[in-house]
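Trainee: I would like to learn how to read a few local features from a model. Could we work through them one at a time?

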Amino acid sequence: MEVEIKYSIDDDTKVSEILEDELLTSLECEGTRRTLSMHAVYYDTEDGSLQKNGAAFRVRLEGDDYVATIKMGGSVSEGVHKRFEVNRIVDDSNFIENPRLDIFGDVEEIRNVLGDILDMDISSIMEMNYVRELFDVEYEQSRMEVALDQGDIWTDEGNAPICELEIEIHEGTVEDLTSLGGIICRHYGLRTESRSKFARGIELISK
């Protein structure tokens, strides 16, 4: 289960300020700060079967690694996103051009929801390119990942910018997540974001 809080950043000059925020740097876990270039492609069947079943499938180049991901179901409340998520590192660099859903066929929860969809043909519906700057922090009883993303969502129907802060729980409680997120949100005048990047892309496609 992925649990994270998401904030939209309207002024991209705040990104560097948040990265050097005094509170966050005081909580930072040594040796965890890094920068990754992300290229993500999202796919669906011709009739949108994944979306109809509340699922999203992507392949993302994260630095040097190709990672296939399925997310399903979940909820959003006051910027806190909770979703079932499974990730697989893929050795084949051609997988992003010729992806297959059936690599998740051994996961019971996915098989129960998606069933025969796992054998269907899929094609790209959107792409994203962004830079992620991230580091881990320890706050109260929790360890969390702080990530700042800047880039773009690309669809055939239009594009949209990405500029957001995500804080994800590795170990700990939602209470610690919302407490730390709230401090940063208030200090920098951010707003909670109830939409995932994928949901924003779907809004572009649906216009």
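Trainee: Is cysteine 185 buried or exposed?

Mentor: Keep in mind that this is a predicted model. Buried means under 20% relative accessible area. Cysteine 185 has 15% relative accessibility, so the residue counts as buried. Cysteine 29, at 9%, counts as buried too.

Trainee: How many disulfides does the structure hold?

Mentor: A disulfide needs two cysteine sulfur atoms within 2.5 Å. The structure holds zero. For cysteine 185, the closest cysteine sulfur belongs to cysteine 163 and is 14 Å away, which is too far for a bond.

Trainee: Which side chain of opposite charge is nearest to arginine 200?

Mentor: Glutamate 164, at 4.7 Å. A salt bridge requires a side-chain nitrogen of Lys or Arg within 4 Å of a carboxyl oxygen of Asp or Glu. Arginine 200, in helix α6 (residues 197–206), is buried yet has no salt bridge.

Trainee: What lies 2.9 Å from a polar atom of the arginine 200 side chain?

Mentor: The backbone oxygen of proline 161. Leaving out residues up to four places away in sequence, arginine 200 touches Pro161, Ile153, Ala160, Ile162 and Arg195.

Trainee: Turning to strands, which residues stand opposite tyrosine 42 in β6 and in β3?

Mentor: In β6 it is methionine 126; in β3 the bridge partner of tyrosine 42 is arginine 58. Strand β2 (residues 34–44) runs antiparallel to β6 (residues 123–139), with 11 bridges joining them. Six bridges join β2 to β3 (residues 55–62), also antiparallel.

Methods
Residues are numbered from 1 along each chain as its sequence is written. This is a predicted model: local features need pLDDT of at least 70, side-chain atom pairs count only at pLDDT 80 or more; totals for chains, interfaces and linings use all residues. Side-chain values use heavy atoms; hydrogens and water are left out. Helices (H or I, at least four residues) and strands (E, at least two) are DSSP runs, numbered from the N terminus. Buried means under 20% relative accessible area, exposed over 50%, partly exposed in between (1.4 Å probe, protein chains only). Lys and Arg count as positive and Asp and Glu as negative; His and the chain ends are not counted. A polar contact is a pair of N or O atoms within 3.5 Å; within protein, one must be able to donate a hydrogen and the other to accept it, and residues adjacent in sequence count only if both atoms are side-chain atoms. Contact means heavy atoms within 4.5 Å. Two strands pair if DSSP finds at least two bridges between them.
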